[in-house]
Amino acid sequence: MKRLTTTLALALAASVGALGAQEFPKTPPAPEAIKPAEFPPFQEVTLRNGVRLIVIERRDLPVLSISLSFPAGSFYDPAGKSGLADMVAGLLTKGAGTRSANEIAEAIESVGGSINAGAGADFLTIRADVLSPNADLAFGLVGDVAVRPTFPTEEVDLLRQQTLSALQLERSDAGALAARFFAHGLYGEHPYGIRPTETTVQAITRDDLLAFQNARIKPRDALMVVAGDISLADARRQAERALAGWTGAPAAAGAAAAPPMREKTELLIVHRPGSVQSNIVVGNTTFLPTDPIYYSANMATRVLGGGADARLFMILREQKSWTYGAYAGLQRRKGLGAFQATAEVRTEVTDSALVELLTQLRRIGAEIVPAEELANARSAAVGSFPLTIETTNQIAGAVSTAKLLGLPDDYLRMYRTRLAAVTAQQLQDAARRVIRPDAALIVVVGDATRIYDRLKDIAPTRIVDVEGAPIEPSALTVAAEALPLDASKLAARTDSFTILVQGNPFGFQKSTLTKTDDGFLFVEEAQIGPIMSQKTEVTLSGTGETRTVTQAGKVQGQDMKIDVTIANGRATGSATTPGPQGMKSVTVDTEVPGGIIDDNGLTALIPALPWSGTSSWSFPVLASGDGTVKTYTFKVTGTESVTVPAGTFESFVVALSGGQQPATLYITTEAPHRVVKMTVAGAPIEMVRAK
């Protein structure tokens with residue numbers, strides 16, 4: 001054993017010595033030239049009814065992806081019916097052929113597959129994914145969904161309600177508001193600039209859905225892409241069978257309005273009262289999808305804002321700590337595309353962040369990008385592309401997109417090679433043409449009372465509310481005055497409401513107002529499913545001024561509590577209430593004006609106000625849960641006949657703003673004025689009077 005150990009040691013020493021004598025390279029080897037992507041070949045035929053069929057045969061896995069696309073996106077929505085293409089897409093799989101929505105779902109899910117449909121700006125696409133032994137089912141379902149949708153009335157009504165709820169939710173989403181206003185500001189009345197509204201969605205009927213499907217979902221100009229474990233012959237046979245008897249071409253599209261030409265920078269502030277951050281979008285229209293400048297422009301936007309190592313992110317977040325992220329990118333469409341850069345920043349640094357963002361947009365076109373920075377961006381772009389075409393689903397989607405946009409046959413195969421060939425000079429030239437900060441549209445969604453004065457000198461500035469109505473700068477500062485209450489109109493009463501979530505009962509709210517020796521006692525109890533329960537008591541003086549507020553309850557199992565007293569011009573006490581990052585506790589010690597009303601007791605005083613068709617009041621309110629005084633506004637915007645479980649009532653439509661979220665109250669036009677319904681912007685929740 002000793003001799004063996006010695007022998008091994010000598011051998012090891014000899015090996016180490018030999019290694020030490022070798023000369024190792026001190027730098028990494030040079031990268032090999034970028035090779036075209038390895039992409040399965042396309043096989044293309046045209047079916048008897050005119051559908052273009054492309055098959056990408058890939059036999060390594062027993063999976064199959066099918067996409068069937070039509071020129072039937074939101075571009076083709078009729079005037080006054082924005083959202084029609086989206087609703088058609090949403091309903092295609094909710095009943096087709098002899099199957100109901102549930103039967104379609106059961107059929108595809110029973111084999112571990114999926115089927116769905118969606119509409120973009122230009123195209124509507126049906127997609128199905130299955131294991132290849134279930135090809136018959138997948139082709140059959142795609143055929144039924146495209147050719148024989150049934151649009152059941154109950155599914156139409158359900159989707160309409162879901163769409164309306166989503167539009168309400170959008171009002172509380174600063175990012176969604178920024179995208180909506182940016183699109184309209186950039187494209188104007190061109191279809192790319194039009195978005196659905198409650199009015200247009202309500203106007204869509206089942207007949208409209210049928211008419212759109214009959215006019216736009218046609219075999220001529222349709223593209224079917226099949227990728228996976230199938231031959232061209234089998235795919236053609238399956239497609240011919242599934243689409244048998246289906247003929248016709250889509251109706252001719254009318255001329256679209258031209259997007260506005262912008263020669264100077266314009267700034268639009270979307271006023272969102274109380275917002276603690278600002279959402280910034282800056283951009284301009286660019287080029288058609290087949291323009292060869294795309295590759296150079298793509299690299300320019302990657303250097304500028306393509307990820308966490310790009311300029312906008314590194315400067316606005318890492319260096320300045322103004323934002324969680326800042327990005328830039330290109331929108332590629334069948335028509336004129338767009339460039340945009342985005343950032344979400346704290347309200348107090350909105351102006352600084354916007355100035356810096358514009359500086360970086362100018363810099364990308366003014367300076368040659370350093371070689372190392374370009375190399376890093378090129379490596380990221382080239383290296384990540386294969387990850388986007390790994391699965392059959394990704395392959396079908398990539399081929400479909402390329403064909404629908406009219407890109408050349410070698411686009412996907414040569415994509416990496418062409419990106420890698422972009423030079424620093426080509427990048428700069430593209431940036432000068434495509435990124436135009438001195439003729440851009442800027443949209444900022446935030447609290448205009450805090451950001452307007454800081455932004456107005458950057459570019460000509462307009463202000464609108466979240467509905468798009470213009471606001472004059474002078475109107476941003478509203479003098480708050482005590483409400484004109486007539487306490488003699490307050491009488492003992494009980495109000496009962498049902499709380500609905502997406503139209504379904506999910507809780508209740510009950511309140512009582514009783515007369516006391518020296519004022520009033522308002523008691524409110526509420527329960528929202530298992531999420532929240534609370535009881536609130538507010539004591540009021542004989543003139544309606546708040547004296548005390550107590551509240552106890554639970555939110556998602558956590559205790560909440562308010563105990564505040566108002567006396568001698570101050571509100572004092574404590575509160576533990578829900579906040580953006582969970583429960584928050586505050587000590588309340590706040591100066592308040594005379595006649596102050598607590599937000600928890602506001603609805604108790606509705607009957608004491610002199611309501612009319614022109615009523616509008618801005619008044620101070622104590623938000624006792626925060627310990628702050630805010631300015632609330634009641635504004636009558638119209639009248640409406642409202643039907644609730646308690647009956648049908650002619651009502652004032654009253655916009656309430658100044659709180660955490662805007663709300664709409666429906667208050668009876670006849671005295672005693674009572675709330676019969678309330679909705680909250682951005683939430684699929686409403687309260688309706690039960691009795």
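pLDDT is the predictor's confidence in each residue, from 0 to 100. This is a predicted model, in which local features need pLDDT of at least 70 and side-chain atom pairs count only at pLDDT 80 or more, while totals for chains, interfaces and linings use all residues. Residues are numbered from 1 along each chain as its sequence is written, and side-chain values use heavy atoms, with hydrogens and water left out.

**Figure 1. Overview of the predicted protein.** The average pLDDT of the protein is 91, and 94% of the residues score at least 70. Residues 1-20 have pLDDT below 50, and this stretch makes 1 contact in the model beyond near neighbours in sequence; a contact means heavy atoms within 4.5 Å. Where pLDDT is low, the predicted coordinates should not be read in detail. The protein contains 17 helices and 29 strands, taken as DSSP runs numbered from the N terminus (helices: H or I, at least four residues; strands: E, at least two). Along the principal axes, the C-alpha atoms fill a box of roughly 100 × 75 × 75 Å. Of the 691 residues, 47% count as buried; buried means under 20% relative accessible area, exposed over 50%, and partly exposed in between (1.4 Å probe, protein chains only). Among contacts with a separation of 6 or more, 66% are between residues 24 or more positions apart.

**Figure 2. Helix 2 and its buried residues.** Helix 2 is largely enclosed by the rest of the structure, because 7 of its 9 residues are buried. The buried residues are L84, A85, M87, V88, A89, L91 and L92.

Figure 3. Helix 3 spans residues 101-109, and its buried residues are A101, I104, A107 and I108. They lie on the same side of helix 3, because they cover an arc of only 130° around the axis; the arc is that of the directions from the helix axis to the C-beta atoms. An α-helix has 3.6 residues a turn, so residues three or four places apart point the same way. On the other side of helix 3, N102, E106 and E109 are exposed. The cover over the buried residues includes strand 4 (95-96), strand 5 (99-100), strand 6 (114-119) and strand 7 (124-131), as well as helix 4 (135-147) and helix 5 (153-171).

**Figure 4. Salt bridges.** Side chains of opposite charge can pair when their charged atoms come close. A salt bridge is a side-chain nitrogen of Lys or Arg within 4 Å of a carboxyl oxygen of Asp or Glu, and the structure holds 30 of them. K584 and D626 form one at 3.0 Å, N to O. This pair links distant parts of the chain, 42 residues apart: K584 is in strand 22 (residues 582-591), and D626 is in the loop between strand 24 (616-623) and strand 25 (628-644). K584 is partly exposed at 26% relative accessibility, and D626 is partly exposed at 26%. D60 and R58 meet at 3.2 Å, N to O, with R58 partly exposed at a relative accessible area of 22%. R317 and E318 meet at 3.3 Å, N to O; R317 is partly exposed at 33%, and E318 is partly exposed at 44%. A network of salt bridges links E44, R52, K403 and D409.

**Figure 5. Aromatic pairs.** A pair of aromatic rings is described by the distance of the centres and the angle of the planes. Rings of Phe, Tyr and Trp (its six-membered ring) pair if their centres lie within 6.5 Å; planes under 30 degrees apart count as stacked, over 60 as edge-to-face and the rest as tilted. The whole structure has 14 aromatic pairs. F75 and Y192 form an edge-to-face pair, at 6.0 Å centre to centre and 65° between the planes. This pair links distant parts of the chain, 117 residues apart: F75 is in the loop between strand 3 (63-70) and helix 2 (84-92), and Y192 is in the loop between helix 6 (174-187) and helix 7 (198-203). Y192 is buried, at 3% relative accessibility. The pair of F619 and Y632 is tilted, with ring centres 6.4 Å apart and planes at 55°. F619 is in strand 24 and Y632 in strand 25, 13 residues apart. F619 is buried at 1% relative accessibility, and Y632 is buried at 9%.

**Figure 6. Ring cluster and charges over rings.** Ring pairs join Y294, Y295, F385, Y411 and Y415 into a cluster. The charged end of R332 sits over the ring of Y294, 3.5 Å from its centre. K677 lies over the face of Y666, 5.1 Å from the ring centre. A charge sits over a ring if NZ of Lys or CZ of Arg is within 6 Å of the ring centre and within 35 degrees of the ring normal.
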